[in-house]
Amino acid sequence: MTDRRNSCVSSRKQPRQTRSTELVAAILEAAIQVLRQEGAQRFTTARVAEKAGVSVGSLYQYFPNKAAILFRLQSDEWRQTSELLRAILQDSAKPPLERLRIVVHAFIRSECDEAAVRVALNDAAPLYRDAPEAEAARAAGDGVVEAFMREALPKATETTRTLAGDLITATLSAVGKQFSESPRTPSEIEAYSDAMANMLCVYLERLGAA
């Protein structure tokens with residue numbers, strides 16, 4: 001990948017008409033297909049445009065470079081993950097440990113479902129990971145975990161809650177990525193998620209009892 005690192009990763013403009021929205025959707029769907037088939041190293045705007053059936057000029061109306069396309073795919077993935085976590089962790093009808101268990105299962109399944117794209121996006125991360133837009137997108141879901149930790153560990157110190165939240169988030173991300181890099185059967189995903197959920201729930205139980 002020869003694009004200049006951390007160049008502009010923002011879209012040039014937002015689609016306002018139905019036709020423009022459909023064009024951007026077609027470009028993003030084509031980008032996902034190119035990532036799955038070619039990987040990050042062979043990902044180019046020309047390949048995306050060809051797959052989408054549009055001209056490179058039309059693509060450049062919305063995305064100034066391939067980093068902008070990849071960042072859009074990554075930020076959409078971050079947003080979807082944040083929405084997934086929010087929907088589960090804010091469900092006060094369920095006790096905190098049950099919510100954590102559900103989150104682990106949902107997250108691992110999600111990682112395995114889109115493993116090829118996620119691995120490719122991780123490979124492409126040097127193109128956009130240090131851009132201000134990326135930092136803002138990553139931080140969008142932080143408040144959800146912080147609020148959950150206050151509910152799960154009401155008697156713990158803020159330092160303990162922050163550490164626990166960071167550890168759980170980092171563990172989910174790192175272990176989920178590693179586990180999903182190989183094809184997995186539904187039973188393997190279920191067993192692995194159960195084991196991971198058990199481990200994290202015991203960790204929170206011990207912190208709450210301390």
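**View 1. H5 passes H9 in a right-handed crossing.** On the H5 side, the touching residues are Leu-100, Val-103, Val-104, Phe-107, Ile-108, Glu-111 and Cys-112, and on the H9 side they are Ile-168, Leu-172, Ser-173, Gly-176, Lys-177, Phe-179 and Ser-180. Contact just means heavy atoms within 4.5 Å. The axes of helix H5 (residues 96–113) and H9 come within 9 Å and cross at roughly 35°. Those axes are lines fitted to C-alpha atoms over the stretch in contact, with angles from 0 to 180 degrees between N-to-C directions. Keep in mind that this is a predicted model, where local features need pLDDT of at least 70 and side-chain atom pairs need 80 or more, though totals for chains, interfaces and linings use all residues. Residues are numbered from 1 along each chain as its sequence is written, and side-chain values use heavy atoms, with hydrogens and water left out.

**View 2. Zoom out, and the protein shows 10 helices and zero strands.** Both are DSSP runs numbered from the N terminus, with at least four residues (H or I) for a helix and at least two (E) for a strand. Of its 210 residues, 40% count as buried. Buried means under 20% relative accessible area, exposed means over 50%, and partly exposed is in between, using a 1.4 Å probe and protein chains only. Take the contacts between residues at least 6 apart in sequence: 73% of them join residues at least 24 apart.

**View 3. Phe-179 and Tyr-192 form a stacked aromatic pair.** Their rings sit 3.9 Å apart, centre to centre, with 20° between the planes. Rings of Phe, Tyr and Trp (its six-membered ring) pair if their centres lie within 6.5 Å; planes under 30 degrees apart are stacked, over 60 edge-to-face, and the rest tilted. By this rule the count comes to one aromatic pair. Phe-179 belongs to helix H9 (residues 158–180) and Tyr-192 to helix H10 (residues 186–209), so the pair ties together parts 13 residues apart in sequence. Phe-179 is buried at 4% relative accessible area, whereas Tyr-192 is partly exposed at 31%.

**View 4. Ser-193 sits in helix H10.** Is Ser-193 buried or exposed? Buried, with a relative accessible area of 0%. Not counting residues up to four places away in sequence, Ser-193 touches Val-104, His-105 and Ile-108.

**View 5. Thr-45 is found in helix H2 (residues 45–52).** With a relative accessible area of 11%, Thr-45 is buried. Leave aside neighbours within four places in sequence, and Thr-45 is in contact with Leu-59, Tyr-60, Asn-65, Lys-66 and Ile-69.

**View 6. Arg-86 lies in helix H4 (residues 66–89).** Arg-86 is partly exposed, at 31% relative accessibility. Arg-86 and Val-145 are 59 residues apart in sequence, but 8.2 Å apart in space, C-alpha to C-alpha.

Definitions and conventions
Left-handed = near helix turned anticlockwise from the far one by under 90°.
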